[in-house]
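Please look through the structure shown here before reading the notes that follow.

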Amino acid sequence: MLLRDVAAGKTGADSELLDAVYAQLHSLARQKMTGERTGHTLGATGLVHEVYAKIFAAESEAPQFNDRAHFFRTAAQAMRRVLIDYARSRRGAKRGGDGSWKRVSLEGIDLAKPEDLDALLSIDEAICRLEAEDERAASVVRLRFYAGLELEAVAEMLGVTVRSVSRDWAFARAWLAKDLTDHNPSDDEPPKSSGGG
Amino acid sequence: MRIGSFPVSLDERVRCTDGQLQSCVPAMSASNLNIKDLFADAIELPEAQRETFVRDTAAKHPEIAAAVLGLLRAAIVNADLLAEPRGTALGKLNASAALATGREPDQLDPRMEGADSLWSLEGPGTVFGKYTLLEVLGEGGFGVVYRAQQSEPVKRQVALKLLKPGMDTRSVVSRFRAEQEALALMDHPGIAKVLDAGSTPSGRPFVVMELVAQAAGKNDAASELADGASPAGTKAEVITSYCNRKQLPVRQRIELAIEVCRALQHAHGKGVIHRDIKPSNVLVTEVDGVARAKMIDFGIAKAVRPGTLSRVHTEQWQLIGTPEYMAPEQLDNAATADVRTDVYGLGTLLYEMLCGTTPFDPVMLRSLSLERLHEVVRTNDPPRPSARLSGLLDADSIAIQRRVTLGTLKSQLRGELDWIVQRCLAKEPQRRYQTAAAVADDLQRWIDHRPVEAGPLTASYAASKWLRRHRGLAIAALAVLATLLAGLAGTGVALYHAGRERASAVASASEAKRQAGRAEKVTRFLVDDMFGSLRPEVTRSREITVREIAENATNRIPQQFGDDDQTRIIVQTTLADVWLKIGENQRSRDLYADTLALAEKLFGSDAPQLVEVLIGYAASLEFTGQHSTQQNLARRALRIAEANFAANSPVRIRALLALANAERYMTDLADARALLDRLSPLENDQSELAVSALILKSDLLRGSTDLSQRAPILEQALAKNVQLLGLDHPRNHEIRIKLAYAYLDQSRFQEAERLMLEHKALADRLFAPDSVQASEVQRLLAKSLAGQHRDAEAAAAYMRCLDIAIIALGETNIVARTTLGTTAEAFADAGMLTEAVALAERAQAIESSLGPTNLDNTLTASRRYGRVLLLAGQNAPALQVAQDGVALAEANNSAFRIGMRRLLGDALLANGRAAEGDLAFTQAVLAAVDYVGENSPRINEVLTNAFQSLSRAGYPDRAAKYATLASFRAATGPR
């Protein structure tokens with residue numbers, strides 16, 4: 001019903017939807033984190049698609065709607081909140097500075113590792129700064145990073161060509177890398193242990 | 001870093017066409033220069049050229065140049081940031097399809113395989129050989145299609161498909177050439193002719209086809225060239241978008257689909273399989289205002305997709321095609337495609353034409369690993385088109401595109417069109433339509449309002465699908481259920497059949513439709529209520545038992561079928577059978593009783609529809625001690641069956657078997673023997689009935705004096721079943737168990753043991769470790785061990801058997817109860833009396849708690865308990881048990897009064913009450929005479945037993961008279 005409300009453009013439904021998707025993601029994420037013996041890699045793609053599957057594929061029970069674009073935008077936001085909430089709650093007393101953000105990939109974030117949590121927070125802050133400069137590039141990153149979408153899907157969602165998204169993406173990655181370096185000056189030094197760069 | 005201080009204008013950014021990257025670069029000018037675009041252009045250049053390019057382009061804006069160069073450095077130093085996982089299966093699959101429905105998914109991805117330089121070698125204006133590329137018509141799964149000018153042997157425009165770089169050009173071209181002869185034979189207005197194939201100077205394969213846009217009859221290349229864009233009317237359009245743009249109603253869509261089928265049939269007739277049917281390969285043009293469908297790309301899939309999609313190919317997924325249109329067998333092995341693979345393709349096409357989206361959600365498919373994708377396509381049934389509509393937000397606009405309301409569209413699709421599509425999309429090729437013509441014919445039947453050939457999903461098929469999907473979670477017990485569920489469909493069919501025989505071939509179309517509707521309803525019940533409500537997600541941590549499923553389904557019957565008694569009868573009959581098969585005879589009996597009443601009310605008391613219910617009802621009374629009721633029900637079943645069905649009809653034979661089954665319990669076997677003669681003709685039947693007849697024959701012989709006949713009959717049954725149904729068939733279990741019993745009856749203990757040890761391997765494979773069957777194997781093992789006086793081993797085996805039975809069935813289940821009793825006896829035999837007493841007591845308590853209908857079992861348990869108590873030297877409680885048992889047996893005039901009085905005699909003797917004991921034995925003899933007749937050999941048994949008990953207890957004088965009587969009978973008796 002909720003999703004239909006959103007589709008019908010009812011006011012307020014949007015944030016309710018976000019809460020619903022958030023709740024789903026959160027419980028899934030918790031399952032993943034507690035249920036698996038080794039590693040706590042939280043794959044954004046996997047989770048978001050599981051939520052997608054839950055909301056869209058359960059024919060009988062779940063509310064149905066087909067606005068995938070909207071779903072993924074919401075899911076990206078919700079995923080971001082799940083990750084950031086988690087990272088904030090677990091973060092160690094002192095943050096980062098070891099360049100760990102450089103290794104963060106789209107594959108997943110290992111929530112068992114404090115440095116990954118730090119990296120996540122750093123990147124999120126950087127994405128917020130990017131948003132102030134180039135809103136679309138920031139959207140592209142969020143959809144890729146938090147919702148795990150392919151360039152093509154992002155393009156469809158934003159109503160621009162794949163090529164534009166691809167350019168946005170390349171730009172955003174470089175921008176974030178630069179921004180993170182600027183905000184974490186110590187990172188300019190070569191990494192001490194494993195090759196993070 | 002601040003880019004805000006520069007004029008960043010996203011709106012003015014250069015819009016580039018995908019795949020034409022080089023041509024974009026010169027478009028960059030100072031007026032709309034911004035950091036992002038400059039960066040994006042630069043990063044696509046070889047690293048060495050970037051700096052120069054940036055400095056040149058932004059010569060007048062050194063700040064911009066500096067910022068861009070900073071970003072470029074950051075990009076290189078931190079290349080891993082937010083890097084994409086390498087080598088994930090479908091990750092990079094041309095996923096623009098993800099969000100588009102009905103749109104060609106394959107955008108060329110400029111990031112791919114460094115193809116840019118190669119890619120740019122050919123483009124509009126390129127000339128190679130006799131072809132000049134004119135303009136891009138579209139981009140497809142395997143490459144880009146150009147309108148091209150051919151210069152010889154005739155001047156004409158053609159469609160030239162330039163395959164994507166990265167393919168092995170030589171093998172593609174040679175495979176294409178190999179196919180060309182067959183392709184050349186195709187001559188059909190619905191097929192775009194394949195004209196030529198070759199490779200470009202840069203080594204890319206290309207294929208030349210008839211230009212479909214020309215089909216409109218305006219063969220005026222010059223005007224089209226001059227216009228730049230061709231007039232809309234002559235342009236070919238992808239079939240789905242054509243249908244939507246023209247807002248074709250369902251009927252016209254089907255007509256168009258029929259054309260596609262016919263064209264495909266033509267190709268198949270020439271030995272050409274398309275292998276890649278999807279909307280973008282079916283173009284529509286209008287000829288004099290009439291829509292004509294034309295298929296393109298014949299031969300291409302075969303040329304580029306030669307073999308198995310192994311892990312190695314995952315990197316090349318973009319070359320393989322679009323998974324949402326691929327048949328399950330193609331995913332396994334692209335080379336296996338046959339006519340029916342194309343039928344599957346037609347199914348996806350129809351699906352999309354009807355309900356506006358593909359059977360599988362492209363986003364979902366692309367989020368899966370290759371293995372999961374295979375699994376999903378192989379095992380998941382997509383929703384029926386009508387059901388799929390309910391899941392789409394834009395369902396209303398989809399309906400509008402078909403010029404109806406959503407409700408109307410759903411009802412148009414529901415039923416027959418759903419079935420046709422589902423049949424095309426069957427996982428197993430042999431379950432699909434076997435030819436494209438058959439699809440066309442069925443679609444034509446729908447147009448003509450004739451009943452279609454495709455039927456709804458059958459219950460057993462749906463059940464087996466469900467099981468396959470949840471294999472990891474559902475325990476093997478479900479496999480048992482699956483076999484039973486085949487009966488659901490069967491029962492339904494038999495009932496309809498019965499109804500039809502009576503109404504003698506009045507099978508009108510509406511009748512057929514009603515029946516089909518009912519079958520559909522039953523299937524839905526099965527899938528949604530019986531199984532559907534048991535979500536593996538919910539029951540994840542524990543196993544789903546048959547009992548839960550049956551319980552669940554039984555509870556839901558009233559609300560699902562409250563208003564449809566006829567269907568309710570079918571469903572209840574099946575469920576009652578399920579209860580019976582898992583040993584819940586009482587649940588089964590109650591449900592059958594209810595069903596019979598319902599059926600009598602609906603059909604009358606002599607109606608053929610009653611036969612199946614009566615047969616099942618009779619079977620449910622086994623082991624409950626209600627033998628005469630069982631016989632009456634079976635007799636009634638046979639009588640009705642004989643009045644309504646032909647002599648060799650399966651229903652009638654089953655009724656006969658049911659009666660034979662009931663007769664086994666008669667004390668006098670004369671009638672049973674008469675039945676044996678009636679069963680004899682069936683034994684040579686080449687079907688499972690022969691196996692049933694043989695098994696029953698061996699059962700009937702159980703009461704005979706010559707037990708040696710049984711084993712050979714069962715060996716014959718086993719051989720036959722193996723021959724008919726294979727070594728792994730579950731029924732082999734039943735036969736082997738019976739055979740083991742037969743060996744035991746003849747004291748062939750070692751053979752029984754060997755048979756069971758050998759059988760255990762099969763049982764372990766077929767059944768769950770805690771299934772009824774597993775416990776049976778243990779029981780038989782235990783028995784054969786006991787026979788060899790390996791008592792301790794036997795007791796241990798019994799205990800295993802008991803544990804399993806209780807887990808599998810619950811303590812009050814008949815099989816578990818029986819096992820409990822036998823285990824008690826085994827422990828007694830092994831001299832482990834404490835355990836024996838405890839088990840026997842528990843058995844007795846359970847049996848007597850089950851009420852008056854459980855009399856036989858209660859008395860058996862009491863007698864056993866009394867015996868075990870005596871063995872353990874607990875004489876006073878034993879006497880109490882014996883006295884209670886005698887009272888209960890007498891009150892019900894049960895045959896057990898004989899045995900009970902013998903127990904009472906022994907108990908009295910053990911308590912030192914000799915005179916009363918003697919009297920009890922005399923009363924036992926009298927009861928036996930009363931029950932089996934003076935001349936029965938069983939009298940001697942009772943006499944001998946009394947003699948033995950009394951002499952062993954130290955009363956030879958009292959014993960003597962029984963011995964005298966026995967020897968007197970032996971000398972003079974009529975036997």
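What is the mean pLDDT of chain A, and what percentage of its residues reach 70 or more? The mean is 66, and 43% of the residues in chain A reach 70 or more. This matters for reading what follows, as the model is a predicted one.

**Confidence in chain A**

- Within chain A, confidence is lowest in helix 1 (residues 2-7) of chain A, where the mean is 47, and it is highest in helix 6 (residues 135-145) of chain A, where the mean is 86.
- Across residues 1-12 of chain A the pLDDT is below 50, and this stretch has 20 contacts in the model beyond near neighbours in sequence.
- Across residues 186-197 of chain A the pLDDT is also below 50, and here the model has 14 contacts beyond near neighbours in sequence.

**Chain B as a whole**

- Chain B has 975 residues, of which 49% are buried, and its secondary structure comprises 44 helices and 9 strands.
- Among the contacts in chain B with a separation of 6 or more, 62% are between residues 24 or more positions apart.

**Nonpolar cores**

- In soluble globular proteins, nonpolar side chains tend to be buried together.
- The largest nonpolar core has 139 residues, and the members that touch the most other members are B:Leu614, B:Ala618, B:Ala637, B:Ala655 and B:Ala658.
- Helix 36 (residues 791-809) of chain B gives the most to this core, contributing 10 residues.
- If neighbours within four places in sequence are left aside, B:Ala618 is in contact with B:Gln630, B:Leu633, B:Ala634, B:Ala637, B:Ala658 and B:Ala662.
- Another core, of 91 residues, lies apart from the largest one, and its members include B:Val194, B:Val208, B:Ile277 and B:Ala327.

**Helix 13 of chain B**

- Helix 13 (residues 339-355) of chain B has 17 residues, which at 1.5 Å a residue should span 24 Å, and this agrees with the 25 Å between its end C-alpha atoms.
- Because 17 of the 17 residues of helix 13 of chain B are buried, this helix is largely enclosed by the rest of the structure.
- Just after helix 13 of chain B comes B:Gly356, which takes a positive phi of about 85°.

**The sheet of strands 7, 8 and 9 in chain B**

- An open sheet in chain B is formed by 3 strands in the order 7-8-9, with antiparallel pairing, and its edge strands, strand 7 (237-238) and strand 9 (290-295) of chain B, each pair on one side only.
- Strand 8 (residues 282-287) of chain B is joined to strand 9 of chain B by 6 bridges; B:Val282 has B:Met295 as its bridge partner, while B:Thr285 stands opposite B:Arg292.
- The hairpin of strand 8 and strand 9 of chain B has 2 residues between the strands, and in this hairpin B:Asp288 takes a positive phi near 50°.
- Helix 9 (residues 250-269) of chain B lies across strand 8 and strand 9 of chain B, and it runs at about 35° to strand 9 of chain B.

**Strand 6 of chain B and its partners**

- Strand 6 (residues 205-210) of chain B is mostly covered, with 5 of its 6 residues buried.
- Strand 4 (residues 156-163) of chain B runs antiparallel to strand 6 of chain B and is joined to it by 5 bridges, and B:Leu160 has B:Val208 as its bridge partner.
- Strand 5 (residues 194-199) of chain B is likewise joined to strand 6 of chain B by 5 bridges and runs antiparallel to it, with B:Gly198 opposite B:Phe206.

Notes
Residues numbered from 1 in each chain as written. Chains lettered and ligands numbered in written order. Predicted model: local features only at pLDDT ≥ 70, side-chain atom pairs only at ≥ 80, totals over all residues. Core = buried A, V, L, I, M, F, W, Y, C linked by C-beta atoms within 7 Å. Buried ≥ 20, exposed ≤ 12 C-beta atoms within 10 Å, placed from the backbone. Helix = DSSP H or I, 4+ residues; strand = E, 2+ residues; numbered from the N terminus. Contact = placed C-beta atoms within 7 Å. Expected span 1.5 Å × (residues − 1). pLDDT = per-residue confidence, 0-100. Pairing = 2+ DSSP bridges. Axes fitted to C-alpha atoms, helices over the stretch in contact; angles between N-to-C directions.
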